[in-house]
Amino acid sequence: MKFKEVLGIDIGGSGIKGAPVNTKNGKLLDERHRIQTPQPSSPENVAKTINELVKHFKWKGAIGCGFPAVVQNGLVYSAANVDKSWINTNAQKLFSKATGLPVWVLNDADAAGLAEAKLGAGAGFKGAMIVFVVGTGIGAALFTDGRLYPNLEVGHLDMRGQDQDWESYASDATRKREKLDMEAWGKRLYEYFSYIEFLFSPELIIIGGGASKKMDKFKEFLDLKAKVLPAHFLNEAGIIGAAMAARVNLKDG
Ligand code: BGC
């Protein structure tokens, strides 16, 4: 089977988005379709939603899925913004069974990062780079020489001296919940990225997720040493990268 065209799916805390992707050039082959994340976001309910997306696109090929948690070999090991019953669930097996199709599952930020590193704002960049996904949560993908170090859970680092993680302080969901204006949010993101710079010294920071579309409104507050760019594929990077990862890992022709 040829997996050049893969159904890319980005599972998030509030929406599950998908589109068929040409994995060689990152182009969407059809309009993106979004379904609200079911509540509770249990494995059974999410698997049903994945199947709805498959039916929507009448899809018969391979599927790549970004999932908002630590994922190793298809197994989910954390659950910050999804139902806790996901922990220790084999998402890959579950979705394959639900759809009858070959499925590859990886962390959502890693998926977005792969799209940006291979075809997007980080394409050809050889240095230390972190791609962030700022949406319901904060996820991150670390690259050097274009190679990914997966499952970097730096959104859950504790804020210095406080019993709170950075994700709950600076995510897009927090901006909405606390009704922060762009300046207040931009300053929180600046604090967070400054801490990231202190720890990892990336030369390039790429911002994806819901925040990517608003970057022109808060970029001025990010006075960082690293170069900061919005994701080339904006909020679609996760769909595209999930499809690309499926092509590589499910072994195409
Ligand atoms: C999760 C990460 C995920 C990020 C973005 C965090 O809460 O722990 O695995 O990448 O949200 O969705």
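How many residues does helix 1 have, and how far does helix 1 reach from its first C-alpha to its last? Helix 1 (residues 43–56) has 14 residues and reaches 20 Å between those two atoms, close to the 20 Å expected at 1.5 Å a residue; the expected span is 1.5 Å times one less than the number of residues. Helices here are DSSP runs of H or I with at least four residues, strands are E runs of at least two, and both are numbered from the N terminus. The model is a predicted one, where local features need pLDDT of at least 70, side-chain atom pairs count only at pLDDT 80 or more, and totals for chains, interfaces and linings use all residues. Residues are numbered from 1 along each chain as its sequence is written, and side-chain values use heavy atoms, with hydrogens and water left out.

Buried residues in helix 1 are Pro-43, Val-46, Ala-47, Thr-49, Ile-50, Asn-51, Leu-53 and Val-54; buried means under 20% relative accessible area, exposed over 50%, and partly exposed in between, with a 1.4 Å probe and protein chains only. Their cover includes strand 1 (5–11), strand 2, strand 4 (33–36), strand 5 (63–67) and helix 2 (91–99).

Strand 2 (residues 15–22) holds Lys-17. Lys-17 counts as buried because its relative accessible area is 11%. Beyond residues up to four places away in sequence, Lys-17 touches Gly-8, Ile-9, Asp-10, Arg-32, His-33, Arg-34, Leu-53, Asn-235 and Ile-239, a contact being heavy atoms within 4.5 Å.

Now for the cores. A nonpolar core is a set of buried Ala, Val, Leu, Ile, Met, Phe, Trp, Tyr and Cys residues joined through side-chain atoms within 4.5 Å. The largest has 29 residues, and Phe-132, Phe-193, Ile-207 and Phe-218 have the most contacts inside it. Two or more residues each come from strand 9 (128–134), strand 10 (138–144), helix 4 (166–170), helix 6 (182–200), strand 12 (204–208) and helix 7 (215–218). Helix 6 gives the largest share, seven residues. Another core, of 26 residues, lies apart from this one and has Ile-9, Ile-50, Phe-67 and Val-76 among its members.

Helix 6 also contains Phe-200, which is partly exposed because its relative accessible area is 32%. Leaving aside neighbours within four places in sequence, Phe-200 is in contact with Ile-130 and Val-154.

Then there is the ligand. Around it are 13 residues, of which Asn-107, Asp-108, Glu-153, His-156 and Glu-167 come nearest; a residue counts if one of its heavy atoms lies within 4 Å. Polar contacts are pairs of N or O atoms within 3.5 Å; within protein, one must be able to donate a hydrogen and the other to accept it, and residues adjacent in sequence count only if both atoms are side-chain atoms. An N or O atom in the side chain of His-156 is 2.7 Å from a ligand oxygen, and a polar side-chain atom of Asn-107 is 3.0 Å from a ligand oxygen.
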